[in-house]
Amino acid sequence: MRGSPASRPDACLARHAVPQRRHGVGALTHAAEPREPGPDEVARMSADLARRLGTARREDPAERGNAARRGSASGTLERITVPVWVHIIRDHALGLPDSAVARQIAVLNTAYSGGYGGADTGVRFALKGITHTDNRSWFRDPLGFEEPMKKKLRVGGPETLNLYIAQLSRLVLGYSTYPYWYDDEPVLDGVVIDWRSVPGGPLRDFARGFTAVHEIGHWFGLLHTFENGCKAPGDSVDDTPAEAYPTNGCPSKKDTCPAPGGDPIHNFMDYAQDRCMREFTVGQGVRVHQMWDAYRRPAPLGADAGTRKAAATIERPAADGAGDEVPSAAQGDEEAVIEAAR
Ligand SMILES: [Zn+2]
């Protein structure tokens, strides 16, 4: 195991770089997410968030928590309900069965409400619909075919989570876009995960559905707990102790930085195996709410109204090319199941 942050390949990967094996380790890990931002991009994200939230005093925890706790006398985080569209890509019989979708959504709700441990982030997920696409190329290489796949399937505006489930290479479990990228590339916004990582899937160490929990953390703007290694500002969250490098497997103890606190090996934003993951922190919940306010909240709020664009809804094109208009998640509340491109 290497200790230098500079040795983390994901920190060096450009957004469209080819996935790489990490640390020469043969075991499957959460590593090598293809769209990981590098340190400069992370710094730009933090600066843009501070600008959008209208405060230059981000080092003041009281100030930082204000927006997220808005409307709550108790200090608990405001409820965010995220509309979710699941896009199942299959190669004939190979791919995710529909029956697994409900299990994945349930795991998301349990994880983000603190049901496995840690804080209740206030975030909940509501399934709005499922699309089905039988496409061998997209299934086998959802990164290579990312643009045509998302152009055809994506639903809703910045507030809608589009979760694409296909098959990734052996060394990648999932990848996500960040809220900061939405304005430039709205059609690419979303999360892609390997179907085998969904609860009950065949990946022994990664089949509890926590890959989606982790990647959706990025979709909300959370960084890895090992971001910046031991150096400030770390992951820009105060209550996640700094760690020099990602966690592999599930060590009983790990403490890689001189600052107080052992490594957050059980945090969903580290790289441990699913059996080791169980928590978000209060600080991560606050950051999720800040990001939501700045980039994803569907209706602009008072003072923030001028700092972000109104939620532009991407109409979902007919997947079969027949020109059928499908209501977007932003327009209707009923669940819908759409058969596409069969
Ligand atoms: Zn990640």
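**Predicted fold and local geometry of the protein chain**

The average pLDDT of the protein chain is 79, and 71% of the residues score at least 70. The structure is a predicted model.

The secondary structure of the protein chain consists of 7 helices and 6 strands. Along the sequence these elements follow the pattern α-α-β-α-β-α-α-β-β-β-α-α-β. Of the 342 residues in the protein chain, 46% are buried. When contacts between residues at least 6 apart in sequence are considered, 68% of them join residues at least 24 apart.

Two helix pairs were examined. Helix H3 covers residues 99-112 and helix H6 covers residues 210-219; the two pack with their axes 9 Å apart, at an angle of about 60 degrees. On the H3 side the contact involves Gln 104, Val 107, Leu 108 and Ala 111, and on the H6 side Ala 212, Val 213 and Ile 216. By class, 6 residues in the contact of H3 with H6 are nonpolar and 1 is polar, while none is charged.

The second pair consists of helix H1 (residues 39-53) and H7, whose axes come within 10 Å and cross at roughly 75 degrees. H1 contributes Leu 49, Arg 52 and Leu 53 to the contact, and H7 contributes Gln 290, Met 291, Asp 293 and Ala 294. The residues in the contact of H1 with H7 comprise 4 nonpolar, 1 polar and 2 charged.

Contacts between separate parts of the sequence can be followed at individual residues. Arg 90 is placed in strand S1. With 21 other C-beta atoms within 10 Å, Arg 90 is buried, because a residue counts as buried when 20 or more such atoms lie within that distance. Not counting residues up to four places away in sequence, Arg 90 touches Gly 95, His 132, Asp 134 and Phe 139. Of these, Asp 134 is 44 residues from Arg 90 along the chain, and the C-alpha atoms of the two residues are separated by 4.8 Å.

Gly 200 is located in a loop, between strand S5 (191-194) and H6. This residue is partly exposed, with 13 other C-beta atoms within 10 Å. Residues up to four places away in sequence being left out, Gly 200 touches Ala 100, Arg 103 and Ala 207. Gly 200 and Ala 100 are 100 residues apart along the chain, and 7.6 Å separates their C-alpha atoms.

Backbone geometry was considered next. Most residues other than glycine have a negative phi, and most peptide bonds are trans. Two residues other than glycine with a positive phi are described here. His 92 has a phi near 55 degrees, a positive value. The residue is placed in the loop between strand S1 (80-90) and H3. His 92 is exposed, with 8 other C-beta atoms within 10 Å, the cut-off for an exposed residue being 12 or fewer.

The phi of Asn 228 is near 65 degrees, which is also positive. Asn 228 lies in the loop between H6 and H7. With 19 other C-beta atoms within 10 Å, Asn 228 is partly exposed, because a buried residue requires 20 or more.

The loop between H6 and helix H7 (282-296) also holds Pro 233. The peptide bond joining Ala 232 to Pro 233 is cis, and its omega is near 0 degrees.

Terms used:
Residues numbered from 1 in each chain as written. Predicted model: local features only at pLDDT ≥ 70, side-chain atom pairs only at ≥ 80, totals over all residues. Axes fitted to C-alpha atoms, helices over the stretch in contact; angles between N-to-C directions. Helix = DSSP H or I, 4+ residues; strand = E, 2+ residues; numbered from the N terminus. Contact = placed C-beta atoms within 7 Å. Nonpolar A, V, L, I, M, F, W, Y, C, P; charged D, E, K, R; others polar. pLDDT = per-residue confidence, 0-100.
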